[in-house]
Amino acid sequence: MSIHDLEISFQNKIDSEIKIEPKDWMPEAYRKTNLRQISQHAHSEIVGMLPEGNWISRAPSLKRKAILIAKVQDEAGHGLYLYSAAETLGTSREQMVADLNSGKAKYSSIFNYPTLSWADMGAVGWLVDGAAILNQVMLCRTSYGPYARAMVRICKEESFHQRQGFETLLVLSKGTKEQRDMCQDAINRWWWPSLMMFGPKDSESTNSDQSMKWKIKRKTNDELRQQFIDMIAEQIKLLGMTLPDANLKWNAERKHYDFGEINWEEFWNVVKGNGPCNKQRLADRNKAHDEGAWVREAAMAYAAKRKNKTANKAA
Ligand code: BYC
């Protein structure tokens with residue numbers, strides 16, 4: 001078959017909702033786009049452990065500490081499923097980790113903001129995991145099989161994360177004036193960066209058109225962002241707090257909330273490495289990687305020893 005014929009039968013498969021599997025023929029650009037998105041997603045889960053890890057030792061009770069540790073461990077697991085899915089596209093985990101640690105690879109802009117108070121743990125769970133889950137529910141139906149299957153499990157855990165975040169804020173919102181102020185302050189700081197998680201406006205999104213045709217993405221950045229705003233604008237009423245946007249208003253004609261302009265200059269600045277915590281996040285990842293070298297070496301030595309033992313038994 002010519003490349004042209006292969007491309008036609010590939011697109012037919014996508015249009016018929018048949019999943020693409022690692023050994024199937026795929027256009028090089030499809031492989032690269034998936035590799036880019038899945039590895040960026042994996043990196044986001046791994047870097048995403050840092051802002052929350054910051055509060056494990058300062059959680060206000062044993063119960064909160066146990067919940068936070070479990071959540072951060074879940075993020076590590078998500079990173080590992082996603083690295084495994086990306087590896088099926090022909091790259092190694094070592095290469096992906098090296099690209100993250102050198103600053104070459106992207107990860108979500110959101111994790112370059114600091115977590116300044118306990119209420120940030122609630123805001124991150126409610127808003128950041130809330131934004132992530134909307135995007136990820138769509139990705140359960142993405143066209144590349146290993147990515148779609150990884151997302152199913154991730155989504156189950158992510159919905160627990162969002163609920164624990166909301167519940168953390170709900171408790172604070174019913175507390176003392178200081179606790180309510182802390183809750184509002186966290187919402188104020190995390191609102192706009194959460195909206196940026198969905199990526200640039202559709203008109204500026206370089207990858208969306210092709211990714212929609214290939215059903216890697218099922219909804220555009222703006223569609224998902226609007227869905228998120230509509231959801232949060234209702235949920236905030238239960239907290240008795242406000243969102244920091246004077247232009248947020250229900251539009252009966254559109255049947256959606258209107259909202260103010262996002263600061264895209266800030267977004268691109270963070271994406272380019274100049275956000276409040278970019279340098280610290282990379283330094284922390286590199287330190288963890290270097291200090292973990294002995295664990296990787298020990299695991300490899302143990303695996304080699306086991307392999308030898310099994311080979312000797314078989315002989
Ligand atoms: N941050 O053409 P576009 C989590 C880049 S973690 C940085 O629209 P695309 C969690 C984009 O890469 C959740 N960069 O791109 C963990 C592209 O540049 P390149 C993370 C961004 O890929 C711990 C350029 O801008 N979720 O759940 O079609 C604790 C143009 O954009 C961002 C995922 O990764 C950004 N926010 O659409 C708590 C989901 N946005 O690569 C929670 C999977 C855009 O061409 N990813 N860029 O140089 C996706 O769904 C898509 O990649 C995006 C962007 C919607 C994010």
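# A walk through a predicted helical model and its ligand

Asn 112 counts as buried, at 2% relative accessibility, where buried means under 20% relative accessible area, exposed means over 50% and partly exposed lies in between (1.4 Å probe, protein chains only). This is a predicted model, in which local features need pLDDT of at least 70 and side-chain atom pairs count only at pLDDT 80 or more, whereas totals for chains, interfaces and linings use all residues. Residues are numbered from 1 along each chain as its sequence is written, and side-chain values use heavy atoms, with hydrogens and water left out.

Asn 112 lies in the loop between α5 (93–102) and α6, with helices (H or I, at least four residues) and strands (E, at least two) taken as DSSP runs and numbered from the N terminus. If residues up to four places away in sequence are not counted, Asn 112 touches Tyr 107, Val 270, Gly 275, Pro 276, Cys 277, Asn 278 and Arg 281, a contact being heavy atoms within 4.5 Å. Asn 112 and Val 47 are 65 residues apart in sequence, and their C-alpha atoms are 9.0 Å apart in space.

Arg 281, one of the residues that Asn 112 touches, is found in helix α12 (residues 278–291) and counts as buried at 5% relative accessibility. The side chain of Arg 281 reaches the backbone oxygen of Phe 111 at 2.5 Å, a polar contact being a pair of N or O atoms within 3.5 Å; within protein, one of the two must be able to donate a hydrogen and the other to accept it, and residues adjacent in sequence count only if both atoms are side-chain atoms. Leaving aside neighbours within four places in sequence, Arg 281 is in contact with Val 47, Leu 50, Pro 51, Tyr 107, Phe 111, Asn 112, Tyr 113 and Pro 114. The C-alpha atoms of Arg 281 and Thr 242, by contrast, are separated by 30 Å, although these residues are 39 apart along the chain.

The side chain of Gln 184 reaches the backbone oxygen of Thr 242 at 2.7 Å, and, with neighbours within four places in sequence left aside, Gln 184 is in contact with Met 241 and Thr 242.

Not counting residues up to four places away in sequence, Glu 75 touches Glu 45, Met 49, Glu 52, Asp 129, Glu 158 and His 161.

We turn next to the ligand. The ligand is surrounded by 36 residues, of which the closest are Gln 40, Lys 106, Ser 205, Lys 217 and Asn 221; a residue is near a molecule if one of its heavy atoms lies within 4 Å of it. At least two residues of this shell are supplied by each of α2 (28–47), α4 (62–87), α6 (119–139), α7 (145–173) and α11 (264–274). The shell divides into 13 nonpolar, 14 polar and nine charged residues, with Ala, Val, Leu, Ile, Met, Phe, Trp, Tyr, Cys and Pro counted as nonpolar, Asp, Glu, Lys and Arg as charged, and the others, Gly among them, as polar.

An oxygen atom of the ligand is 2.8 Å from an N or O atom in the side chain of Asn 221, while polar backbone atoms are also within reach: one of Thr 206 is 3.1 Å from a ligand oxygen atom, and one of Met 196 is 3.4 Å from a ligand nitrogen atom. Of the 1000 Å² of accessible area that the ligand has on its own, the protein covers 91%, the areas coming from the Shrake-Rupley method with a 1.4 Å probe.

Helix α7 also packs against helix α10 (residues 221–239), their axes coming within 9 Å and crossing at roughly 35°; axes are lines fitted to C-alpha atoms, for helices over the stretch in contact, and angles run from 0 to 180 degrees between N-to-C directions. The contact is made by Gln 162, Phe 166, Leu 169, Leu 170 and Ser 173 of α7, together with Met 231, Gln 235, Leu 238 and Leu 239 of α10. These residues divide into six nonpolar, three polar and no charged.
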